[in-house]
Amino acid sequence: MTGPILSLRGVSKSFPQGGLLDRLLGRDSRIVALDAVSLDVMRGDVVGIVGESGSGKSTLAGLAVGLARPTSGEVLLDGQSMAELMRDHAGPWRRRVQMVFQDSSSALNPRKSVARCLGETLALRGVPKAQRDSEIAELLTLVGLGPEIGPRLPHELSGGQRQRIGLARALAMKPEVLIADEPVSALDVSLQAQVINLLSRLTRELGLTLLFISHDLALVRTLCSRIVVMRKGVIVEEGSCLDVLDRPQHPYTQALIAAVPKGLAGRRTPLPVRAEAAAPETREDIHGAA
Amino acid sequence: MSDLRKALNGLDWSGWLGAGIVGLIVLAAIFAPLIAPYDPLALNIEDRLAAPDASHWLGTDQGGRDVLSRILFGARASLSVGIGAVLIGALIGVSAGIFAAYKGGLGEQAVMRIFDGVASIPLLVWAIAIVGILGVGPLPVGPLLLPNEVKIIVLVGCLFSPVFARVTYAVAKRVAGADYVRARFLQGASHWQIVVGDVLPNCLSPIIVQGTLLVAIGIVIEASISFVGLGVQPPQPSWGTMLSDARSAIYSGEWWLPVFPGLAISLTVIGFNLLGDAVRELFDPRSEARTLVA
Amino acid sequence: MSAALLSVEGLRVGFRTADGGMVEAVRGVDFCVAPGEAVGIVGESGSGKSLSMLAVMRLLGAPARAIGGRVIFDGEDLLAADEKRMRALRGRDIAMVFQDPQSSLNPALTVGRQITDVVRAHRGVSAAEARRIAAEALERVGIRDAGRRLASYPHEFSGGMRQRALIAMAIACRPRLLIADEPTTALDVTVQAQIVDLIAELRRELNLAVVFISHNLQLVAEIVDRVVVMYGGKVVEDGPVEAIELAPRHPYTSLLKACVPSLTGPVGPLTAIEGAPPRLGRLPAGCPFSPRCPDAAESCSHQMPPLIDEAGHRTACWRPR
C-alpha cells in the first residue's frame with residue numbers, strides 16, 4: 001500500500017520526423033523526446049520537474065496523464081499499467097490524474113462559460129444535475145473566486161482568473177495526482193505568486209500529489225519538496241529540492257542555477273558612480289557582494 | 001442572440017449593402033408567385049420581343065413571356081442551387097475536414113489527398129464534364145429518381161466539398177491541438193462529445209465565411225451549365241437559360257434580353273461577396289481588438 | 001536634463017475604440033535616457049511599457065496612436081518628425097530588438113542579406129563593404145564563423161542565435177540608442193543569461209544607451225543603471241537601480257520585488273499582490289495601483305499622485321514607504 005502512486009519505468013518517447021513521402025521511402029528519422037526515464041512519485045509528494053525547452057519535461061507530463069503512450073517502457077498508476085487502463089478511455093482511473101495547462105488562453109474553450117465548462121466536467125464525473133450548481137460554487141470558492149464568475153466567458157476573465165478556472169476544472173474530477181505544466185509562466189509576475197500560493201494550499205489541504213513542471217527554479221524551490229532536473233530527454237539530477245538547489249552536483253543544474261536572474265547580486269556591469277546616490281558604505285557593500 | 005446583435009453592429013456599410021441585396025433577392029425568390037406581374041411560362045405571341053414599357057417593365061422575350069417575371073422565378077433556381085449546394089458541400093466537407101484533423105495519421109492523409117485531387121481541377125470544368133456524362137434530366141439512383149434540379153444541387157455540392165474540407169481542416173487542426181480539447185479528453189469525454197461540443201463550434205466562423213462566398217460561385221455555376229443547356233431545362237426560367245436564349249438578340253437589338261438576367265447574376269454575386277467579406281471582417285481576430293477595447 | 005539623449009515628456013498613447021471614443025493606455029509618461037546610460041522599464045502587461053517605446057520609435061499601428069507629449073531624441077521631436085526622417089533614424093541612430101526572434105526575421109532571406117540590407121540602406125556603402133560590416137557585427141555578438149553564417153537562413157539558427165543575429169542587425173549601423181523589448185522572454189533561462197551578458201558587454205564597448213523593457217525586475221537590475229517602474233500607463237517610480245532594489249518607495253515596486261521568490265533564504269508562502277493589473281479603459285481615477293495597494297488610504301483613489309523628485313529618485317505615491 002506504500003508503493004508509488006505514479007511510476008515511470010524506463011519510459012522512452014520518440015516522434016517521427018519528416019513528411020509522408022520520407023516515411024514511405026524509409027528516410028524518416030525519429031526525434032527522441034524522452035530516453036529511458038525512470039521515476040517514482042510517492043503519494044503526497046510535490047515534485048518539481050525542471051528543464052529547458054527540449055528537455056522532455058512536457059512529454060513526460062503527457063505520458064504521466066495518459067495523453068500519449070510511451071514508445072517503450074511502462075507508466076504505472078498506483079501499480080496498474082497505464083496502457084491497460086487506457087483501453088477504457090472514460091474509466092474511473094481518469095479521475096485520478098488530471099492536468100493544469102500552461103497557456104491560459106487556449107486552456108479554456110472560448111465559447112463556453114465558466115459554469116458550463118465546470119458543469120460538463122462534473123457531468124463526466126457522474127455528478128447528478130441537481131448537485132452541479134452547488135459543486136460549481138464550491139469549486140469556485142476553492143480556487144478563490146466568487147460565484148459571479150460563473151456566467152462569464154474566458155475572454156472576459158483575467159489571465160490569473162483563467163488559470164484558476166483551469167485548476168478548478170482539474171479539481172472537479174477529484175484527482176489524486178495533479179500535473180501542472182508551466183501553470184504560471186504565461187502570467188504576470190504579480191499573479192504568479194497568487195497561483196503558486198493557491199497550488200501550495202490546495203496540495204496541502206486536499207492531500208494531492210503534484211507534478212509541477214517549470215523552468216523557474218525559484219518557483220520550484222518555493223513549492224516543491226522534491227526536484228527532478230531534466231535535459232535532452234534524460235534526468236540529470238534528482239533529490240530533495242533544497243539539497244539539490246543548495247548543493248547542485250550536476251554541471252547542468254549548476255548552469256541553470258547560475259542563469260537565474262539575481263538582481264543587484266547578479267550585477268553584470270559595475271554600478272555607475274553617483275554622487276547623490278545612497279550612503280557610501282552601502283554602495284561599497286553592494287560592490288563587495290557583486 | 002447577443003452574438004447576432006453584436007454581429008449586426010459590427011457590419012460596415014458594404015456589409016449592410018451586401019446583406020440588403022441578398023435579403024431582397026431571397027425575398028423576391030420566395031414571394032415570386034405573389035409579386036411577379038405575369039406567369040413566367042405563359043406564351044403570348046402578340047407581345048413577343050416587346051421593349052421595356054409600362055406593362056412589361058423589363059420587356060418580353062421571343063415567346064412574349066415577361067422578362068421581369070422570368071427573372072423573379074429564375075432567382076429560385078439560382079438561389080436553390082447556390083444555397084443547396086453550399087449546404088451539401090458543407091455537410092460533406094466539414095465532416096471530412098474535422099475527421100481528418102481530429103483523427104490524424106493515415107486517415108488524415110488519405111482524406112485530404114483525395115480532396116486535394118478533386119480540387120486540382122477547376123469547379124466549372126468538373127461540373128460541365130459530369131453533367132455532360134450523366135446527361136440532362138432526372139437521374140435514377142437505385143429505386144429513386146433524382147429530379148434534374150436536385151441532381152445539379154448534389155453535384156455542385158460535392159464539388160464544393162473539397163473547399164469546405166480544406167478550410168475546416170486548417171482551423172480544426174489548430175482547435176484539435178488546443179489544451180481545452182486535451183482537457184476534455186483527459187476527463188474521459190467521448191470523441192463525439194469533443195468534436196460536437198468543442199471542435200466544431202470553434203471552427204464555424206471561417207466555414208460560414210466560406211459558405212457565403214461559395215453561394216455566389218454556385219449561382220455562377222448554375223447559370224453556366226444552364227447556359228450550355230445542361231442545367232435547368234426550358235421552359236422553366238433560369239438566369240443561365242435566359243442568357244443562352246438571348247444570344248441571338250445581341251445582334252438583332254433586343255438588348256433587354258441579355259442585359260437584365262446578366263444584371264441579376266452580377267448583382268446577386270456582388271451581394272453575396274460583399275456579405276462574405278463583411279462576415280470575414282467580423283470574425284477576423286485582428287478586428288477583435290476593436291470590441292476588446294470597447 | 002538638457003544632456004539627455006532621449007527625453008520623453010508627457011507622452012500619451014490612446015486606442016480608438018469601435019464607437020469612436022478614445023481609451024488612454026499611456027497616460028503622461030516622462031523619463032529620460034542619458035548618452036551611454038542603461039535604463040530598465042519594468043511593468044506588467046497593460047502597464048504601457050511596450051506601447052511607450054513603440055511610440056518613441058513611431059511604430060504604433062492602428063488603432064493605437066500617440067495623442068500627446070513630446071519625444072526628444074538628440075534635440076529633435078520625433079513625434080513631429082516626418083516619416084522619411086523617422087526611416088533614416090530608425091536602425092541608424094535608434095535600433096530596436098523585439099521579444100520574438102522567430103517573427104522578427106524574414107524566413108525567406110538569409111541572415112546576411114537581412115543585415116546587409118539594413119547597413120546599405122543607412123550607410124550607403126558597397127555590397128562588399130556591407131557584407132564585411134555584417135560579418136563583423138555577427139562576430140561581435142558572438143556568432144562563430146560569422147563569414148559563413150551570413151549565408152544561413154533563420155531556420156538554421158537556434159532561438160538564442162536568432163536573437164543574437166537581431167542584435168547584430170541592430171548594432172551594425174552603430175546606433176546611439178538600443179531599445180530592447182523583452183528580448184529574452186521567449187528564450188530559455190541559460191540562453192537568457194547569455195543574451196543579457198551580451199547586451200551588457202555591447203553597451204560598455206560601443207558606449208550604447210540602452211532601454212531594456214522587461215517584466216522581470218531582477219533581470220533588469222543585473223544590467224541597468226536606472227529603473228523606471230510603470231503601472232497602469234503611468235510611471236510610478238524612477239530611480240537609480242540601487243535605490244529601487246534596496247529602498248523602493250512605491251508600494252508596488254516593493255511588492256513586485258517581494259512576490260518573486262529567490263533561490264536563497266527561507267521558504268514560505270510568497271507575498272502576493274491581490275487583484276489583477278487594471279484593464280484598459282477601466283482605470284481608477286486616482287493612483288492606478290490603489291485598488292490593490294495594502295497601504296492605500298481612501299483618498300488615494302481620488303487623485304493621481306504627482307511624480308515627486310528627491311535627489312534623482314522619483315516616486316508617484318501619496319503614501320511612499
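The following legends describe close-up views of a predicted model.

**View 1. The annotated ABC transporter domain of chain C.** An unreviewed UniProt entry places the feature "domain: ABC transporter" at residues 8-257 of chain C.

View 2. The unreviewed UniProt entry assigns the feature "transmembrane region" to several spans of chain B, among them residues 213-235 and 255-276. Residues 213-235 of chain B are 65% helix and 0% strand, with end C-alpha atoms that lie 29 Å apart. Residues 255-276 of chain B are 95% helix and 0% strand, and here the end C-alpha atoms are 32 Å apart.

**View 3. The open sheet of chain A.** In chain A, 4 strands in the order β2-β1-β4-β5 form an open sheet with antiparallel pairing. Its edge strands are β2 (29-41) and β5 (80-81) of chain A, each of which pairs on one side only. Strand β1 (residues 6-17) of chain A is joined to β2(A) by 9 bridges in the antiparallel sense, and A:P16 stands opposite A:R30 in β2(A).

**View 4. The contact between chains C and A.** Chain C contributes 41 residues to this contact, and chain A contributes 41 residues. On the side of chain C that touches chain A, at least two residues come from each of α8 (189-206), α9 (217-221) and α10 (241-246) of chain C; α8(C) gives the most, with 8 residues. The residues on the side of chain C that touches chain A comprise 24 nonpolar, 9 polar and 8 charged.

Notes. Residues numbered from 1 in each chain as written. Chains lettered and ligands numbered in written order. Predicted model: local features only at pLDDT ≥ 70, side-chain atom pairs only at ≥ 80, totals over all residues. UniProt positions renumbered as here; feature names shortened; annotations may be inferred. Pairing = 2+ DSSP bridges. Contact = placed C-beta atoms within 7 Å. Nonpolar A, V, L, I, M, F, W, Y, C, P; charged D, E, K, R; others polar.
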